[in-house]
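Subject: Structure handover

Hello,

Here is the structure I promised. Please open it first, then read my notes below.

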There are 2 protein chains.
Amino acid sequence: MTVLILTCEEDVTADMVVVHLNAAGVPVVRLDPADLTSTVALSGEYVHGAFRGHLSSAGRLLSLDGLRSVWVRRPGTAAARAAEPSPWLTEEASQALYGMLRGTGARWMNHPDAAMRARHKPWQLRQAQLSGLPVPATLITSFPQAARDFAERYPDLVVKPVSGAHPQDPPRAVPTTRVPPGADFAAVAYGPTLLQRRVAKRADIRLTAVGARMLAARKETVPGDDPEVVDVRFASSSSPWRPADVPPRLGEAVQAYLREAQLSYGAFDFAEDADGTWWFLECNQSGQFGFVEVDTGQPIARTIAEWLAGPGTERARNADRCGTTAS
Amino acid sequence: MTVLILTCEEDVTADMVVVHLNAAGVPVVRLDPADLTSTVALSGEYVHGAFRGHLSSAGRLLSLDGLRSVWVRRPGTAAARAAEPSPWLTEEASQALYGMLRGTGARWMNHPDAAMRARHKPWQLRQAQLSGLPVPATLITSFPQAARDFAERYPDLVVKPVSGAHPQDPPRAVPTTRVPPGADFAAVAYGPTLLQRRVAKRADIRLTAVGARMLAARKETVPGDDPEVVDVRFASSSSPWRPADVPPRLGEAVQAYLREAQLSYGAFDFAEDADGTWWFLECNQSGQFGFVEVDTGQPIARTIAEWLAGPGTERARNADRCGTTAS
């Protein structure tokens with residue numbers, strides 16, 4: 001039973017997980033969908049009510065019956081490195097690959113449907129509320145008057161993009177910034193804007209959830225930090241990430257979120273206020289974890305490897321017992 | 001409780017459904033996401049664990065609490081008609097609109113996640129098999145040798161695109177065509193190819209499923225038809241679509257497919273062979289139905305209108321009872 005990792009070539013985070021899978025003797029096939037039709041090939045046959053599929057990568061053949069799990073770890077665009085790449089070939093190759101993989105019984109980290117849904121910030125905020133996570137008062141609007149009314153009720157605001165990252169190549173994160181007093185908000189009419197009550201934070205929290213396991217880290221706000229810089233990704237603070245205990249009720253809410261979102265991996269960002277409350281900011285379904293592991297020594301890569309190596313679904317296990325797996 | 005229709009301006013099929021909704025006195029808001037930030041605006045507030053959202057279109061305000069259902073009927077690209085359109089604005093507007101709508105309790109025809117999944121032809125074929133629909137022997141491959149082996153077992157083949165339509169603007173359907181005898185298949189290595197046993201058909205079947213209701217139509221193959229033209233979309237046959245009865249076991253299989261696919265609408269294409277067996281070719285989750293309704297007189301538009309006007313979910317109904325709906 002093999003773990004399939006869909007990733008681009010130079011992903012060191014994938015390397016960290018592969019090391020643990022290799023050490024545990026778990027078969028791994030790592031491939032980049034960008035190599036489809038060059039060094040990666042696929043085939044699937046639908047005959048007499050049954051499906052038999054295969055992938056080959058760098059001369060290695062993998063039966064899709066023998067798939068234990070699929071890790072979608074920042075894969076390249078399908079067929080991007082083909083001899084004659086085109087949007088049409090990308091569409092065909094992508095549909096063929098993901099269409100076949102979707103029909104297997106493998107477990108996903110994360111399933112493409114769940115991943116797509118989980119990227120929607122407005123949906124995240126609602127899901128966090130329904131799961132019982134504290135959410136700072138937030139407005140997403142293209143009505144200037146709604147923005148003005150909100151700013152009157154919550155004078156200390158930050159603004160951030162609705163969609164997370166600027167769609168350029170390479171993607172660039174747009175920092176969360178404070179809204180200056182007396183802002184006019186007329187420009188809101190030209191693009192939906194996300195305004196959120198600023199949490200006066202004493203620490204940033206990164207909670208990495210891998211299935212039922214949760215590893216939290218905490219980075220204290222240093223008194224001398226620039227109060228204008230609210231986005232930890234752009235801060236030059238020297239305080240390191242330290243392991244933190246997950247408050248039990250918050251942990252239950254995180255698990256409820258993951259269940260409803262059908263995610264097996266999620267990187268949650270919270271802001272801890274002076275009362276110790278963790279305010280939900282976002283959940284990135286493909287968030288990095290290397291920097292936390294380096295600072296805290298928490299075994300995140302190993303935990304992911306263990307999840308990927310875990311028992312497959314009923315269907316995959318049956319195929320295994322019947323000896324139909326090729327690797 | 002309002003029906004929201006996301007569609008482009010000139011969609012006559014949407015018009016047909018709106019006529020029935022109007023006749024039944026069901027409130028309808030029709031908007032094109034392309035008009036976001038010009039004539040369409042949105043706002044959503046997340047405060048104290050609750051969400052309150054609004055959409056405005058052409059001066060009409062709609063509370064998202066009061067949404068009965070959402071019909072995704074070929075909507076335009078979000079913010080495409082904005083004063084200064086850009087990929088970034090499209091991403092922000094799309095995430096804001098669909099992210100908010102995803103958080104409501106409305107019923108969807110079809111939900112975006114289900115729609116995305118349902119477009120994958122390899123997944124469709126596997127789902128059809130698992131649902132008990134007869135599927136002609138099919139191979140999707142980028143291995144030339146696999147194609148040659150398959151052609152030896154099934155000498156009478158058709159070839160069709162994996163992904164359905166050529167991704168150009170406007171989209172162009174690529175016709176299904178017969179594979180000439182002695183084909184070499186070397187080119188298969190340059191792009192995944194879908195080969196399928198040709199069904200010697202005596203009729204084409206279009207089964208339109210709207211929730212639990214199924215309306216089937218049959219178009220007989222005329223003996224004089226060009227046997228090289230296997231794709232009914234490109235045939236010049238003069239035989240019209242006629243209503244047909246759905247065989248009970250096939251109807252159960254179609255319902256199983258829709259349940260597993262979480263689709264509330266699907267246009268199924270079958271080929272009927274000399275024994276009367278309906279062979280599954282594909283299920284288009286946004287398939288046209290106007291031409292069938294015109295030929296057969298079957299009330300497809302009315303059936304869709306009835307589904308959209310049906311009772312909302314528990315959450316939406318509660319909101320209705322509490323009088324929080326604006327329209």
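At what angle do the axes of helix H4 of chain A and helix H2 of chain B cross? Roughly 30°, and the axes come within 6 Å. Angles under 35 degrees count as roughly parallel, so H4(A) is roughly parallel to H2(B). Bear in mind that this is a predicted model.

The helix contact comes next. From H4(A), residues A:Lys121, A:Pro122 and A:Trp123 take part. They meet B:Gln95, B:Ala96, B:Gly99, B:Met100 and B:Arg102 in H2(B). By type, the contact residues are four nonpolar, two polar and two charged.

Now the salt bridges. Over all chains, the structure holds 34.

- A:Arg81 and A:Asp35 pair at 2.9 Å, N to O. A:Arg81 lies in the loop between S6 and H2 of chain A, and A:Asp35 in the loop between S2 and S3, so the bridge ties together parts 46 residues apart in sequence. A:Arg81 is partly exposed at 40%. A:Asp35 is buried at 13%.
- B:Asp113 and B:Arg102 also pair at 2.9 Å, N to O. B:Asp113 sits in H3 of chain B and B:Arg102 in H2 of chain B, 11 residues apart in sequence. Both are buried.
- B:Arg213 and B:Glu306 pair at 3.8 Å, N to O. This pair links strand S15 and helix H8 of chain B, 93 residues apart. B:Arg213 is partly exposed at 39%, and B:Glu306 is partly exposed at 44%.
- A:Arg202, A:Arg218, A:Glu220 and A:Glu272 form a salt-bridge network.

Best wishes

Terms used:
Residues numbered from 1 in each chain as written. Chains lettered and ligands numbered in written order. Predicted model: local features only at pLDDT ≥ 70, side-chain atom pairs only at ≥ 80, totals over all residues. Heavy atoms only, no water. Axes fitted to C-alpha atoms, helices over the stretch in contact; angles between N-to-C directions. Helix = DSSP H or I, 4+ residues; strand = E, 2+ residues; numbered from the N terminus. Parallel < 35°, antiparallel > 145°, perpendicular 65-115°, else oblique. Contact = heavy atoms within 4.5 Å. Nonpolar A, V, L, I, M, F, W, Y, C, P; charged D, E, K, R; others polar. Salt bridge = Lys/Arg side-chain N within 4 Å of Asp/Glu carboxyl O. Buried < 20%, exposed > 50% of the residue type's maximum accessible area, 1.4 Å probe, protein only.
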